[in-house]
Amino acid sequence: MKYIRRIPQEKEAFTEELVQNGWKRLKEPSFPGMIVIAMPISMILMFITFLYFGLLFPDQIHSLNENGISIAFTINWKLIAPVAGIVIYTFLHEMLHAVTIPNALHSDKTFWGMNGCFGFVYSEEKIKKGRYLLVSVMPLIILSFAVPLVFRIFHFYHWYLLLLCIMNAGGACVDILNMILIAKQVPAKGTIICNGKKTLFQ
């Protein structure tokens, strides 16, 4: 796995070669269209995460509802630690994508990158549909649902944890949209490959 600054451009000759060998292009919106479609998904995921926190930490959420978090957020946002937490959580999000890609650490076709508080993992490895869906959903499951459950078990709570988990859930909207597209178009035992921002399947 290597570091790159941005997702590579599509290699059109490679796409044509794949199509000639029976691969099909995934029908997906343009990048701006993807963002527009993903926004409602982001809102839903953040709302579900908040409800989940309400089940795990009912007293603390009730207190937040009464007092609000705007003051705490305004005060603490000036500190470096909260910003660093967002960057670290973003990095963990991307690494959870990476570790579920077959042979990712030793692959010369798998890449990761960070641009401020935004990150990505990109792979040109051929990935089975089931594994691809796992790669897509793993950061959401671990960072927005499993981590708070662990903190609940150890009776620890902080409003900043709620913020990180909600932001992670919101940021997973494109992952979930990709899952929907893959689930609807790719056969159950299909294989997926990425070429730049284009996705093909067989």
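Guide: Leucine 162 is found in helix α7, which covers residues 159-171; helices here are DSSP runs of H or I with at least four residues, strands are runs of E with at least two, and both are numbered from the N terminus. The model is a predicted one, in which local features need pLDDT of at least 70 and side-chain atom pairs count only at pLDDT 80 or more, while totals for chains, interfaces and linings use all residues. Residues are numbered from 1 along each chain as its sequence is written, and side-chain values use heavy atoms, with hydrogens and water left out.

Leucine 162 counts as buried because its relative accessible area is 4%, where buried means under 20%, exposed over 50% and partly exposed in between, computed with a 1.4 Å probe and protein chains only. The C-alpha atom of leucine 162 is separated by 7.6 Å from that of phenylalanine 50, although the two residues are 112 apart along the chain. In the protein as a whole, residues 24 or more positions apart account for 79% of the contacts with a separation of 6 or more, a contact meaning heavy atoms within 4.5 Å. Buried residues make up 42% of the 202 residues.

The loop between α6 (129-153) and α7 holds histidine 155, whose phi is near 60°, a positive value in a residue other than glycine. Most residues other than glycine have a negative phi. Histidine 155 counts as exposed, since its relative accessibility is 67%. A positive phi of about 60° is also found at asparagine 103, likewise not a glycine, in the loop between α5 (80-99) and β3.

Strand β3 (residues 110-115) is joined by 6 bridges to β4, and the two run antiparallel; strands are said to pair if DSSP finds at least two bridges between them. Methionine 114 has glycine 119 in β4 as its bridge partner. These strands belong to an open sheet of 3 strands with the order β1-β3-β4 and mixed pairing, in which β1 (2-3) and β4 (118-123) are the edge strands, each pairing on one side only.

Elsewhere, helix α2 (residues 31-56) contains methionine 39, which counts as partly exposed because its relative accessible area is 41%. In all, the protein has 8 helices and 7 strands.
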